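Dear colleague,

I am handing over the structure we spoke about, and below it you will find my notes on what turned up when I went through it. Please read them with the structure open beside you.

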Amino acid sequence: MKKFSVLLVALMGIPMLYSQTDIRIYDIINNVSAERIEKDVTTLVNFGTRHTLSDTISQTRGIGAARRWIKSEFDKISSECSDCLEVFYQKNLVPKGDNARIVHDVWVVNVVAVQKGTKYPNRYIIMSGDIDSRVSDPANFTSDSPGANDNASGMAGTIEAARVLSKYKFESSIIYVGLSGEEQGLYGGKGLAEYAKAQGWDIVGILNNDMIGNITGVDGVVSNRDFRIFSEPVPPTETEQQRNARRFYGGEVDGISRQLARYVYTTTKTYMPEMNPMMVYRLDRFGRGGHHRPFNDAGFAGIRIMEAHENYTQQHQDIRVEDGIAYGDKLEHVNFGYAKKLTAVNAINLASIAWAPPAPTTVEIGGIVEPNAKLRWNKVDGAVGYKIYWRDTTSPTWDNARYVGNVTEFVLEGIVLDNYFFGVASVGKDGHESPVVFPNKVFR
Ligand SMILES: [Zn+2]
């Protein structure tokens, strides 16, 4: 006993020690099931079409049956964790002619499942997939449109993440959501982002999953390890003043969505080093869209997680054979082992963020014409310490870090401000970190 106490005192005497990894994260990775994802993608495909304007009355075909099934899955998950999920429909009426793809009035209905955080219930990290599907003509709401990869894969991954993470308690809230109206013009995301603003939700960001099941690219590359993380450089909501400040203080590639992308990159490299995350410095694919964008439009961080190697003959296509090519987004093209991996990527990032304290809101930087970089930030409730990150101005990733303990200012001696970019993250008791915050104030 005495020996133990001595040891305890000795351990307590080690300041600022924290674990670099959390073994629960490995359990989360292992608990994601390719079989369940396959079963759910199959169920979604079997609704025939999930076009946003399709039948809503049938119990077996169309988007109505699909969303009721998704809600029933979330309800089932919730009943197995003593009602840990709050499940509801969030909907908006879109009138005929709102754009050329809205050929009749339609309720765009999202299915939302909220796992409330124990400490920061109003702080949310979101994972999304899409309910809806389409064929060649975006207004065709009757033809068979399996949408197995686009985007039953993302939807099934989101349901599976809820199954796995509902076994844990988190300090912040996690939202699992099936969005609708994606193919008609990103309506579901827009509706939920507006709803979130109206509710005053503090959103850390959205991980939008759109096509997470294809490993055979149209370019002939086959890989079940590569995936892409798309993020816009800076928010579209930034002010003229902020834009001008960037010319002098930097930040052209350091907006909130880019920090979220770097967070996912780092968590993946730490816990799933066999994967090859590719950060793509773009809002989305060239000229194309996804459901993270309406969140970005509303000023929230949001990224798109997706396969690295797309196959365009299997997206938005009527099912047919032409010149020997079998077109169509069919079940047989989805690789469920790969969808499992990308689902795990999401789950571990949701968990890390939801177990971490919030990020500092204000990060100030100083040290102009001095040999040292200086940083200060506001104290965060729940943080046991803070980590300063820096990197070469040409590097995409936060390559250097220093844990500085439970202080709110620090001087990096001998590090000249001009030659690096800097940021600060909060660190929680289990070692989980907030996304990095790029300095938003300058002091002299
Ligand atoms: Zn699509």
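I begin with a pair of strands, S1 and S2 (residues 106–115), which run antiparallel to each other and are joined over 10 bridges. Within S2, Asn110 is the residue that stands opposite Gln90. Please keep in mind throughout that this is a predicted model.

These two strands belong to an open sheet of eight strands, whose order is S1-S2-S4-S3-S5-S8-S6-S7 and whose pairing is mixed. At its edges stand strand S1 (85–94) and strand S7 (276–280), each of which has a single partner strand, so that one side of each is left without a neighbour in the sheet. On average, and ignoring direction, neighbouring strands of this sheet are turned by 25° against each other. Helix H4 (residues 63–79) lies across S1, S2 and strand S4 (172–179), and its course makes an angle of about 160° with S1.

A second sheet is also open, with four strands in the order S15-S12-S11-S17 and, again, mixed pairing. Its edge strands, each of which pairs on one side only, are strand S15 (409–412) and strand S17 (441–442). Strand S12 (residues 373–377) pairs with S15 in the antiparallel sense over four bridges, and Phe410 in S15 is the residue that stands opposite Leu375.

Strand S13 (residues 385–392) and S16 run antiparallel and are joined by eight bridges, with Tyr389 standing opposite Gly423 in S16. Seven of the eight residues of strand S16 (residues 420–427) are buried, and therefore this strand is largely enclosed by the rest of the structure.

As for the protein as a whole, it has 11 helices and 17 strands, and its C-alpha trace spans about 65 × 60 × 45 Å along the principal axes. A compact globule of 444 residues would have a radius of gyration near 22 Å, and the value for the protein, 23 Å, agrees with this. Of the 444 residues, 48% count as buried.

The domain assignment divides the protein into domain 1 (23–355) and domain 2 (363–442), and the centres of domain 1 and domain 2, taken over C-alpha atoms, are separated by 31 Å. Where the two meet, 14 residues of domain 1 are in contact with 12 residues of domain 2. On the side of domain 1 that touches domain 2, the elements that give two or more residues are helix H9 (256–271) and helix H11 (336–355), and the largest share, five residues, comes from H9. Sorted by class, that side of domain 1 has six nonpolar, four polar and four charged residues.

With best wishes

Key. Residues are numbered from 1 along each chain as its sequence is written. This is a predicted model: local features need pLDDT of at least 70, side-chain atom pairs count only at pLDDT 80 or more; totals for chains, interfaces and linings use all residues. Domain bounds come from an automatic or database domain assignment. Two residues are in contact if their C-beta atoms, placed from the backbone, lie within 7 Å. Ala, Val, Leu, Ile, Met, Phe, Trp, Tyr, Cys and Pro count as nonpolar, Asp, Glu, Lys and Arg as charged, and the others, Gly among them, as polar. Two strands pair if DSSP finds at least two bridges between them. The radius of gyration is taken over C-alpha atoms; the globule rule is 2.2 Å times the number of residues to the power 0.38. A residue is buried if 20 or more other C-beta atoms lie within 10 Å of its own, exposed if 12 or fewer, and partly exposed in between; C-beta atoms are placed from the backbone. Axes are lines fitted to C-alpha atoms, for helices over the stretch in contact, and angles run from 0 to 180 degrees between N-to-C directions.
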